[in-house]
Amino acid sequence: MYFASRAPTLLLLALAVLVSVTNWCQAEDELIIVSPHWEGIQYEFGRAFEAHYQDKFGKKINVRWRDLGGTSQIEKAIDAGYAADPKSCKIDVFFGGGIDPFESQKEKGQLHPYRLPESILNSIPSEIGGFPIIDPDYTFYGAALSSFGILENRKVLESISLPEVHQWEDLAHPGLLSWVSSADPRKSGSVHMIYEIILQAYGWERGWAIIYQMSGNVRSFLQSSSAPTKEVSTGDAAYAVSIDINGMTQQAFLGKENVRFMIPKGVSVINPDGIAILKGAPNLPQAEAFMNFVMSIEGQSLWMKPQGNPDGAVKFGITRMGVIPEMYSGDMTELLVPINPFTQKYPFTYSSETGSKRWGVINDLIGQTIIDVHSHLRAAWSAICALPEDQREALIDEFSSAFVSEAEAEEYTTFWRTDKIRARQISNDLMTDAVARFNQIEEKALKLSQP
């Protein structure tokens with residue numbers, strides 16, 4: 001009878017404990033981030049922000065990183081999320097991927113404006129080399145700075161007598177056949193940026209000529225921005241186009257005597273790597289706290305200071321350029337980055353508006369006339385390279401010409417995102433034209449090679 005009389009009391013006590021435990025579990029805050037950044041960046045910023053949040057707010061926070069692939073896949077996933085629910089895609093922060101995707105998301109109305117505290121805002125320049133670091137409407141910011149260049153394996157170059165390269169057009173040399181590595185720009189925002197830089201730095205016609213000839217030398221187009229530099233590090237390729245973080249990471253790991261990362265002078269840019277809060281962020285206060293952290297000196301130190309430094313990374317050396325000029329004053333040997341981006345001269349002004357506007361068009365032009373027909377392109381280029389030099393010129397000109405004019409590409413941007421049927425028909429026609437062109441060039445080259 002005693003146990004029977006105590007049963008309701010014990011049950012209520014158990015329920016109270018259960019509710020208490022449930023509330024305690026729910027008391028831990030959460031932040032959901034989508035990012036193309038590699039494991040090291042995610043680990044260091046997640047770890048450091050969780051510690052910062054505990055110190056500042058006296059609460060634990062769980063930083064969740066959503067793995068959705070590269071920048072292009074992330075954009076598609078965000079767009080699909082807002083198509084399903086226009087109020088929220090159930091993600092708080094979009095972190096990394098250059099600046100063009102953030103311009104695009106802003107245009108679609110899918111970013112949440114947030115003005116940083118004045119103490120942080122006043123320490124950051126509004127732009128660099130034509131790129132915005134602070135969006136005028138405060139919908140996104142440049143969280144770090146990136147440059148783009150070429151990684152080469154010096155040992156491979158020595159063993160088979162390949163030349164050093166210094167400019168993008170050097171990768172188009174016929175003697176580099178099969179020794180260049182690249183990635184699909186539809187899967188990698190940083191590789192897309194390299195191709196857009198080439199088009200803007202050299203002009204439309206010359207830019208496409210370099211891209212087509214360089215693509216003839218590419219072994220295969222890989223699925224992530226880091227994969228080409230890994231091919232170079234193992235010696236499977238001699239050269240890779242790369243964002244600085246991937247190239248400098250391999251150089252730091254293997255040593256400059258083995259691999260070298262260089263930035264082409266006069267035909268590259270310093271590009272902000274964006275961060276933004278997404279519209280309808282489910283954890284808005286936490287997202288704002290993360291933005292403040294990343295853009296502060298505390299967060300910026302993680303990019304630039306080495307392991308062992310009290311303000312630096314713990315497990316992974318990240319090697320990125322920060323956006324606060326003050327951090328470059330004094331002894332730069334204590335920093336992981338090799339240059340002060342705010343003292344560099346920029347020989348041409350990159351148009352982020354142009355790059356963002358034609359992002360999808362350029363991706364499809366490269367996809368339909370290069371990557372998806374790469375076997376035909378490579379066969380034509382190989383046949384040309386096999387000819388004596390005095391017989392190549394006419395075929396190289398035919399091989400290298402742009403499939404559409406810059407004016408036509410500009411027209412395509414007016415409907416490429418909205419009229420999918422028309423865009424797909426043009427893409428299919430481009431692929432058909434590319435196959436026909438490369439097959440004809442291969443036949444011509446083979447005839448010329450016959451005695």
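Trp65 is partly exposed, with a relative accessible area of 22%, where partly exposed lies between buried, under 20% relative accessible area, and exposed, over 50% (1.4 Å probe, protein chains only). The structure is a predicted model, in which local features need pLDDT of at least 70 and side-chain atom pairs count only at pLDDT 80 or more, while totals for chains, interfaces and linings use all residues. Residues are numbered from 1 along each chain as its sequence is written, and side-chain values use heavy atoms, with hydrogens and water left out.

Trp65 belongs to strand β2; helices (H or I, at least four residues) and strands (E, at least two) are DSSP runs numbered from the N terminus. Residues up to four places away in sequence being set aside, Trp65 touches Ile33, Ser35, Gln42, Phe45, Gly46 and Phe95, a contact being heavy atoms within 4.5 Å. Between Trp65 and Ser35 the separation is 30 residues in sequence and 7.2 Å in space, C-alpha to C-alpha.

Ser104, located in helix α4 (residues 100–107), is buried, with a relative accessible area of 3%. Beyond residues up to four places away in sequence, Ser104 touches Glu75, Ser356 and Arg417. The C-alpha atoms of Ser104 and Lys357 lie 7.6 Å from each other, although 253 residues separate them along the chain.

In the protein chain as a whole, there are 18 helices and 12 strands. Of the 451 residues, 52% are buried, and the C-alpha atoms fill a box of roughly 110 × 55 × 45 Å along the principal axes. Among contacts with a separation of 6 or more, 76% are between residues 24 or more positions apart.

Within helix α9 (residues 227–234), the buried residues are Ala227, Pro228, Thr229, Glu231 and Val232. These residues pack against the strands β7 (141–153), β8 (180–183), β9 (218–222) and β10 (239–243), and against α10 (244–254). After α9 comes Gly235, with a positive phi near 85°.

The second largest pocket holds about 730 Å³ of space. A pocket is here an open set of points on a 1 Å grid over the protein atoms alone, with protein on both sides within 12 Å along at least five of seven lines, and lining residues have an atom within 4 Å of a point. Its volume is the space filled by probe spheres set on the points, which are joined across faces, edges and corners. The lining of this pocket comprises 38 residues, of which Pro36, Trp38, Ser225, Ser226 and Asn246 are the closest to the centre. Two or more lining residues come from each of α2 (39–57), β2 (61–66), α3 (71–84), β7, α7 (189–202), α9, α10 and β12 (270–278). The most is given by α10, with five residues. By class, the lining has nine nonpolar, 23 polar and six charged residues, with Ala, Val, Leu, Ile, Met, Phe, Trp, Tyr, Cys and Pro counted as nonpolar, Asp, Glu, Lys and Arg as charged, and the others, Gly among them, as polar.

Helices α11 (residues 284–295) and α12 (residues 297–304) pack at an angle of about 55°, and their axes are 4 Å apart. The two helices are therefore oblique to each other. Phe293, Val294 and Met295 of α11 make the contact with Ile297, Glu298, Gly299, Gln300 and Leu302 of α12. Five of the contact residues are nonpolar, two are polar and one is charged.

Definitions and conventions:
1 Å grid on protein atoms, 1.4 Å probe; cavity = no way out; pocket = protein on both sides within 12 Å on 5 of 7 lines; lining within 4 Å. Axes fitted to C-alpha atoms, helices over the stretch in contact; angles between N-to-C directions. Parallel < 35°, antiparallel > 145°, perpendicular 65-115°, else oblique.
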